[in-house]
Amino acid sequence: LKGSNFGSSHPACGCCGAAGRVNAMGRGDSRGRSRSRSRDRSRSRDRSRKDSRSPSGDRKKKPSDYGVDTMKITDDDAAFILGKGGKTKEKISRVSEAEIELFERDLILEIRGSKLQRRRAKKYAEGVMAQRTGPVHISTEYDDGDLTMLQVPQEAVGFVTGRAGNFLRTIEEEWQTLMFFCEVGGGSRNKDYEKLAIFGSVRGRRGSELKVLSAVETKVPGYYDKIKDEVLSRDKGKDDTETWGTDSMVFQDDELSYALGKQGGTRKKLERSSGAIVQYVGHTALFSGPRKQRKYAREYMKWLFDQLEGPVYLEGWEDRDDCTVVDVPSDCIGYVTGARRAALGSVEEEWGVLMFFMNKKGDGGGRKGQSEQLIIFGPRRARRGAELKVMSSVETKSPGTFTRGIREKTSSEKGFDTDRMIFKDDELSYALGKEGTTRKKLAGSSGAILQYVGHVAFIAGDLKQRRRSRE
């Protein structure tokens, strides 16, 4: 009550009276409510911080061997474990899938998770702390099925590391891995090579390894050929599908620049649409992933190059589970494509898909020139997002193409499906918002794909996402 009327009034005197007490109580209640709200907000922030400690979160079912381990660390180690803005601690937690909390006052690192998660987190923390005093020593016990060791030529080490370790940190962030140079066993350091340890999932390690190899090949041309067999056979079958592997394809100079695309855009597009890891090491394209994803990546690459020779038409596309076809009226093709393919490229980049118009050789543009078929490759959700974006563009140019006679629809399907809502003119502009901000906000908060095709709102996602978006 310090600072309130109770603290400053004189209880023996009647001047404060009941009114004084009521006012004081009112203010006290107000402060109490304020403090209560503050505590609630604080608890809310604590909960959000708690949730952010680990990628697993508190809502997932805890494993049967869930437990808590603690590590006593020094003050200098604590700063190293925490990292700039807490990024190193978050990285260790993300890669190990354990919950990690650093108690700076007591200098204790608390690790929660399954036995394997705790073991990995402790191992990663020890590796990070060891970097502070010198080279990290790694023994065979370090490998829990989460380690890839890559030899990097001495002349490429600085290039791979980057200024203040920035290049390695960028790769770690992209592929959710932990990486550092180390010494293996008790032997002396090899002057010609440095060993780079990469920790993480099979996919994360592979993506990081190929990115590093791509940089090394730029600095030391021909190095990949020396270790090609080792790279191609690494982690074979070591994923959930037991079909994990790596395929390769060799390019000529002019082919490489086409396969790479402007600022690597074509490579990224192939990677996202196929689901495989696609990386170029020198003139060799490497495709890593389960068998199905590698097959998609090779096919997409082939069709890209086929387009250089002339029209491409995919026979039997109806039987594939990785594509969607949209009929685009001939007078809308230029609008959908954009200058130098800018509009189509923008949709591909936004949704992570691969798109091109299909034409049979000698066919004058689709069905008697009335329309052309735009084929979209990628995961189901991404294809639907891209398809609705194209439909929206076509509807702007040619109203009624996709909405003539259409009705509202609310699906009860629990899995992925599409609902429809029909707007009036004034409702549409309000639901769209300035430069589409309201639509984007609704899509982002609900988790559903929300696209306006004319006066019709298409809502795609699972049942919960669609319901949230409608509400």
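These legends accompany close-up views of a predicted model. Residues are numbered from 1 along each chain as its sequence is written, and side-chain values use heavy atoms, with hydrogens and water left out. Because this is a predicted model, local features need pLDDT of at least 70 and side-chain atom pairs count only at pLDDT 80 or more, while totals for chains, interfaces and linings use all residues.

**View 1. Confidence along the chain.** The average pLDDT (the predictor's confidence in each residue, from 0 to 100) is 87 for the chain, and 84% of the residues score at least 70. Strand β16 (residues 456-461) has the highest confidence, at 98, and helix α1 (residues 5-8) the lowest, at a mean of 40. Helices (H or I, at least four residues) and strands (E, at least two) are DSSP runs, numbered from the N terminus.

**View 2. Residues 1-58.** Here pLDDT stays under 50, and the model has 29 contacts beyond four places in sequence for this stretch; a contact means heavy atoms within 4.5 Å.

**View 3. An open sheet of three strands.** The order is β11-β13-β12, with antiparallel pairing; two strands pair if DSSP finds at least two bridges between them. At the edges, β11 (323-329) and β12 (354-358) each pair on one side only. Seven bridges join β11 to β13 (residues 371-377), and V325 stands opposite I375 in β13.

**View 4. Helices on the sheet.** Helix α12 (residues 291-309) packs on the sheet, touching β12 and β13, and its direction makes about 45° with that of β12. Helix α14 (residues 342-351) lies across β12 and β13, running at about 140° to β12. Axes are lines fitted to C-alpha atoms, for helices over the stretch in contact, and angles run from 0 to 180 degrees between N-to-C directions.
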